[in-house]
Amino acid sequence: MPVRPPATVIRGPALLAAALAVATITAVTAAPASAATLREVTGFGSNPGNLQMFRYVPDGLPAGRPVVLALHGCTQNATSYATGTGWLKLADQHRFTVVFPQQRSANNANSCFNWFEPGDTRRGYGEALSIKQMVDRTRQDVGATAAYVSGLSAGGGMTSVMLATYPDVFSGGGVIAGLPYGCANSVASAYNCMNPGVNLTPAQWGDKVRAAFAYSGTRPKVSIWHGTSDTTVRPMNAVESVEQWTNVNGTDQTPDATDTVGGYPHRVYGGTVEQFDITGMAHGHPVDPGTGSTQCGTAGAYVLDVNICAAHHLVRFWGIADTTPPTTTTTTSGPPYTDTAVGTPTDHYVAGRVDVTEYNTLGARYGYSTPITLYHCGTDWSDKPDCSAI
């Protein structure tokens, strides 16, 4: 994940005006289309970070569905990231809008988001504010409510920035081959953060997030993904990110649930932070090309076919999948269940339907990645229609 050399810092009113003048000629504003496609949106705010905004809105999207922001890595752009990562398929499948911020080469020679620049990583400034304005515009245009953000590499670093500076805007995040918030504040420190990494205590990492914005509400859920063979952004960054977000979310660093998903180690901390170690994967975004409901993506540069679709699991962890509504039982006889829920043991644990002991019982009985139905029995859940204990 190359970062910007100091000589490429180019910003100013003249540059911004010229860039926007060109964009206005080729961009589509908010005009509705007859078929869903990835389109550029202009005029989404003051845009102090001089970014571009691309958006995909599925046809027939009902109001109230969430918006997901997907931030590309260095040397990538909105189109390549949208095509490769599978977010467009997931948007159609689960009914949400996807926004793809795009860096300009004038801001960073390698098209990296400037996750380390103080002027771009503070609330109300630079690229962070530009990205937040994209959420505001989308809420205005399509009635999106909740917002989520994910990104790869430098986009993963900027995801940490958004979660730290705008916890009142984002309900969840996905840091893929990224870095903890506050790890760097210059080019030199950015390279050091990437490799070999920076080791701080969970409290020290958490303090960096708390200092970004005083916030007493519910913090976003965070999913952290990293390849164990990543030599660009060392896997140590995933460990430090887990420490940061568990501390911020008031959870210790001992996982409450440990399993294997898609053949890869997976840990959940308090239902608010999860970690995937993608064994043997280099620097990139995990995809699983195919037509199955859990598959997505097309392999390419820094988009790696490792038989697991990160975007699918992010949607699951955030709880924004568009699933069949619970079945309501109106019978006056038989078991006292009121509705049902389908998912893997991990899904049920994250949703708070089962505790750790029940989670381990279900995992041993059905397998951690096998979808099962739980029956809501009054105030509890069971895997049996007669509501007997798990």
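Buried means under 20% relative accessible area, exposed means over 50%, and partly exposed lies in between. The exercises below use this predicted model.

**Exercise 1. Is Gly-217 buried, partly exposed or exposed, and where is Gly-217 found?**

Solution. 
- Step 1: The relative accessible area of Gly-217 is 35%.
- Step 2: Gly-217 sits in the loop that runs between α7 (202–212) and β7 (221–227).
- Step 3: Pro-167 is 50 residues from Gly-217 along the chain, and the C-alpha atoms of the two are separated by 8.1 Å.

**Exercise 2. Determine how many residues of strand β3 (residues 67–71) are buried, and which strands β3 is joined to by bridges.**

Solution. 
- Step 1: In a regular strand, side chains alternate between the two faces of the sheet.
- Step 2: On one side of β3, Val-67, Leu-69 and Leu-71 are buried.
- Step 3: Five of the five residues of β3 are buried, so the strand is largely enclosed by the rest of the structure.
- Step 4: Three bridges join β3 to β4 (residues 97–102), and these two strands run parallel. Five bridges join β3 to β5 (residues 147–152), again in a parallel arrangement.
- Step 5: Val-67 has a bridge partner in each of these strands: Thr-97 in β4 and Ala-147 in β5.

**Exercise 3. Describe how helix α4 (residues 126–142) and helix α5 (residues 154–165) are arranged, and which residues make the contact.**

Solution. 
- Step 1: Two packed helices are described by the angle and the distance between their axes.
- Step 2: The axes of α4 and α5 come within 10 Å and cross at roughly 75°.
- Step 3: Angles of 65 to 115 degrees count as roughly perpendicular, so α4 is roughly perpendicular to α5.
- Step 4: From α4, the contact is made by Glu-127, Ala-128, Ile-131 and Lys-132. From α5, Met-158, Val-161, Met-162 and Thr-165 take part.
- Step 5: Sorted by class, the contact of α4 with α5 has five nonpolar, one polar and two charged residues.

**Exercise 4. Which residues of helix α6 (residues 187–194) are buried, and what do they pack against?**

Solution. 
- Step 1: The buried residues of α6 are Val-187, Ser-189, Ala-190, Cys-193 and Met-194.
- Step 2: These residues cover an arc of only 160° around the axis, so they lie on the same side of α6.
- Step 3: The buried residues of α6 pack against α8 (236–248).

Note on methods
Residues are numbered from 1 along each chain as its sequence is written. This is a predicted model: local features need pLDDT of at least 70, side-chain atom pairs count only at pLDDT 80 or more; totals for chains, interfaces and linings use all residues. Side-chain values use heavy atoms; hydrogens and water are left out. Buried means under 20% relative accessible area, exposed over 50%, partly exposed in between (1.4 Å probe, protein chains only). Helices (H or I, at least four residues) and strands (E, at least two) are DSSP runs, numbered from the N terminus. Two strands pair if DSSP finds at least two bridges between them. Axes are lines fitted to C-alpha atoms, for helices over the stretch in contact, and angles run from 0 to 180 degrees between N-to-C directions. Angles under 35 degrees count as roughly parallel, over 145 as roughly antiparallel, 65 to 115 as roughly perpendicular and the rest as oblique. Contact means heavy atoms within 4.5 Å. Ala, Val, Leu, Ile, Met, Phe, Trp, Tyr, Cys and Pro count as nonpolar, Asp, Glu, Lys and Arg as charged, and the others, Gly among them, as polar. The arc is that of the directions from the helix axis to the C-beta atoms.
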